[in-house]
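Trainee: I have a model open and some labels to check. Can we go through them one by one?
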Amino acid sequence: ACCNSDADFATKLQSFSAAGAGRSHYAVCEGVLDPTVIRECKFEGFEGVGLQTGDMIMLQDTTNCGEATGLINGLPNNGIMVSRATLPRDFTGKYAGGHWYRFERAGGAEGMLDPISVYPNPGLT
């Protein structure tokens, strides 16, 4: 065998995975106009590499991916959801941090978090 090209000397030294969200995530959050009605806006089963508690998703007004033009009026926390592991009181599946996001606020005793409804401005679709 002749060794006369780069491929003849190639040796795999190391590999790596880039952390980040997976592809093809889709969720719908239902807005409410009555403040006495609570509708959760949450992302369940979010997938990716290296996801963990404290990761954040920011919903923005955009026409193309990565080209945000600003915040969406009517979303809690300026459109930011922070991930955490689910608890039994969340009445959902069991998800580790980085795989579950919800608009929420501190409520009740012992630092429990309660869902926040989305109150859209008229015309928001």
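Trainee: Which strands each supply at least two residues of the lining of the second largest pocket?

Mentor: Strand 4 (56–58) and strand 5 (60–62). A strand here is a DSSP run of E with at least two residues, numbered from the N terminus. Before we go on: this is a predicted model, where local features need pLDDT of at least 70, side-chain atom pairs count only at pLDDT 80 or more, and totals for chains, interfaces and linings use all residues. Residues are numbered from 1 along each chain as its sequence is written, and side-chain values use heavy atoms, with hydrogens and water left out.

Trainee: What makes a residue part of the lining of a pocket?

Mentor: An atom within 4 Å of a pocket point. The points sit on a 1 Å grid over the protein atoms alone; a pocket is an open set with protein on both sides within 12 Å along at least five of seven lines. The lining here includes Ile-57, Gln-60, Gly-66 and Glu-67. About 320 Å³ of space lies in this second largest pocket. That volume is the space filled by probe spheres set on the points, which are joined across faces, edges and corners.

Trainee: How do the lining residues divide into nonpolar, polar and charged?

Mentor: 5 nonpolar, 5 polar and 1 charged. Ala, Val, Leu, Ile, Met, Phe, Trp, Tyr, Cys and Pro count as nonpolar, Asp, Glu, Lys and Arg as charged, and the others, Gly among them, as polar.

Trainee: How do you know that strand 5 and strand 6 pair?

Mentor: Pairing needs at least two DSSP bridges between the strands. Here 3 bridges join strand 5 to strand 6 (residues 68–71), and the two run antiparallel. Gln-60 has Leu-71 in strand 6 as its bridge partner. The two strands form a hairpin with 5 residues between them, and Gly-66 in the turn has a positive phi of about 80°.

Trainee: Why is Ser-83 called buried?

Mentor: Buried means under 20% relative accessible area (exposed is over 50%, partly exposed in between; 1.4 Å probe, protein chains only). Ser-83 has 2%, so Ser-83 is buried. Ser-83 lies in strand 7 (residues 80–83).

Trainee: Which residues does Ser-83 contact, leaving aside neighbours within four places in sequence?

Mentor: Contact means heavy atoms within 4.5 Å. Among the partners of Ser-83 are Gln-52, Asp-55, His-99 and Trp-100.

Trainee: What makes the largest nonpolar core a core?

Mentor: A nonpolar core is a set of buried Ala, Val, Leu, Ile, Met, Phe, Trp, Tyr and Cys residues joined through side-chain atoms within 4.5 Å. The largest has 11 residues, including Cys-41, Phe-103 and Val-118. Phe-103 also touches Pro-76 and Asn-77, among others.

Definitions and conventions. On a 1 Å grid over the protein atoms alone, a cavity is a set of points where a 1.4 Å probe fits but cannot get out, and a pocket is an open set with protein on both sides within 12 Å along at least five of seven lines; lining residues have an atom within 4 Å of a point. Helices (H or I, at least four residues) and strands (E, at least two) are DSSP runs, numbered from the N terminus.
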